Amino acid sequence: TTVITRSEIEQSQSTDLKDLLQRQAGIDVARGGGAGGQTALFMRGTNSNHLLVLIDGLRVSDAGTGAFRWELIDLSSVEQVEIVRGPRAAQWGSDAIGGVIQIFTRQADGFQLTGTVGSFGEVGAGIAVGDGSQSINLSTRDVEGFSAQNARGFSFDPDKDGFENHQLSGRGVLKLPQGTLTWVGRWLDAMTEFDQGISDFSQMAGKLSYQTSVGAWQLTSEAGRYRNELVTESAFGRTKSITRRTQLSVLGHRDITSQLQWMLGLDTVREEGVNVGSWHERRTHWSAWTSLQGGFNQFSYAASARVDDDDRFGRELSTQLALRWQVNETLRSFVSVGEGFRSPNFSQLFSPGFDGLFAGNPLLQPEESLAYELGLDWTPLVGHQISMSGFDSKVNDLISFT
């Protein structure tokens with residue numbers, strides 16, 4: 001697990017999420033062209049859609065492709081990034097085969113103004129205002145860019161391929177008599193050019209979260225809504241795709257003993273995907289999961305199990321078990337085994353293809369994975385740590401074009 005804080009983001013001088021994440025172990029990043037170019041992220045060798053991406057707890061992958069547009073997130077609006085490597089379907093469900101990355105939007109305290117000037121005609125600015133409980137962030141970035149391809153490219157055009165990105169986000173906390181209400185909201189409008197084409201993006205997301213206590217239980221209820229629209233014009237014509245997603249969840253956790261914690265969760269996701277002129281589909285997903293975390297002497301453990309029910313393919317059971325041994329004050333070892341799965345996206349199920357090529361198959365079943373991991377953490381000095389992990393992951397029923 002890796003946590004990248006706001007201070008670390010600022011110290012890194014990264015211009016976007018690609019620059020920030022490609023420095024992390026076990027992560028590979030590929031981008032076509034310059035700023036705003038389509039970016040794919042691969043964790044532990046798995047496919048780019050084998051990674052679950054969350055922003056403030058909301059799933060943000062495209063319903064059609066299953067991918068996430070990393071290039072659209074401005075770091076000036078990010079408070080923290082959390083990375084969990086390896087399969088996590090037993091807690092998070094579909095897509096968490098290679099791992100989970102969660103992005104938290106900015107929680108400003110005071111006033112901060114940032115400005116950027118760079119090569120290839122880049123200018124940007126950001127404003128963050130907050131009082132510690134309520135926060136608003138506004139950012140903009142404009143890059144003239146350069147040609148996304150060289151002369152050997154399939155659709156090479158020597159013009160400059162630019163990028164524009166405008167974002168507004170906010171979050172706040174309200175203390176209520178019986179609990180705490182938290183709200184988050186995000187709006188994005190962006191444009192990216194590529195050789196002989198242009199794409200326009202718009203995103204809107206919002207979530208309410210309520211935390212309270214009932215006896216020995218700490219309960220968190222969440223309701224969120226996400227909408228993403230992509231319009232692309234190229235030499236092949238004009239395409240428009242839309243993703244709408246409603247997400248509800250309830251999480252309860254309690255301490256059974258001083259060294260044993262029990263968690264229970266219920267989730268449901270209603271997803272709608274549209275590819276104008278090709279398909280318009282919906283599906284509903286329900287899940288229930290439980291987790292135990294505890295320890296005894298020099299050992300600690302975590303065990304999770306989850307059942308997912310999708311109206312497209314039925315039920316899926318995922319489990320995970322991890323054990324850690326604190327050998328001494330400076331050395332610890334761990335071992336884990338976990339399952340993962342990924343539901344087919346709408347394009348893989350329903351795309352009409354091109355003259356019969358690359359067409360979808362509505363009979364596809366989920367991809368399933370099983371992974372083992374063994375590792376060591378050594379802390380020879382305060383502030384210094386060396387970690388080593390060996391893992392083996394296998395995916396069955398991998399979905400591929402033929």
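Is D267 buried, partly exposed or exposed? In this predicted model, D267 is partly exposed, with a relative accessible area of 21%.

**View 1. A salt bridge joins R306 and D267.** The closest N and O atoms of R306 and D267 are 3.5 Å apart, and the pair links distant parts of the chain, with R306 in strand β18 (residues 299-310) and D267 in strand β16, 39 residues apart. R306 is buried, with a relative accessible area of 5%, whereas D267 is partly exposed at 21%.

**View 2. A salt bridge joins E271 and R283.** Here the closest N and O atoms are 3.1 Å apart, and the two residues, twelve apart, belong to strand β16 and strand β17 (residues 279-296) respectively. E271 is buried, with a relative accessible area of 10%, and R283 also counts as buried, at 9%.

**View 3. T268 lies in strand β16 (residues 260-275).** T268 is buried, with a relative accessible area of 11%, and a polar atom of its side chain lies 3.2 Å from the backbone oxygen of H285. Beyond its neighbours up to four places away in sequence, T268 touches T246, Q247, L248, T284, H285 and W286.

**View 4. The side chains of E10 and R6 meet in a salt bridge.** The N to O distance is 3.2 Å, and the residues are separated by about one helical turn because they stand four residues apart in helix α1 (residues 6-12).

**View 5. Five strands form an open sheet of mixed pairing.** The strand order is β1-β6-β7-β4-β5, with β1 (2-4) and β5 (58-59) as the edge strands, each pairing on one side only. Strands β4 (residues 51-55) and β7 (residues 99-105) run parallel and are joined by five bridges.

Notes. Residues are numbered from 1 along each chain as its sequence is written. This is a predicted model: local features need pLDDT of at least 70, side-chain atom pairs count only at pLDDT 80 or more; totals for chains, interfaces and linings use all residues. Side-chain values use heavy atoms; hydrogens and water are left out. Buried means under 20% relative accessible area, exposed over 50%, partly exposed in between (1.4 Å probe, protein chains only). A polar contact is a pair of N or O atoms within 3.5 Å; within protein, one must be able to donate a hydrogen and the other to accept it, and residues adjacent in sequence count only if both atoms are side-chain atoms. Contact means heavy atoms within 4.5 Å. Two strands pair if DSSP finds at least two bridges between them. A salt bridge is a side-chain nitrogen of Lys or Arg within 4 Å of a carboxyl oxygen of Asp or Glu.
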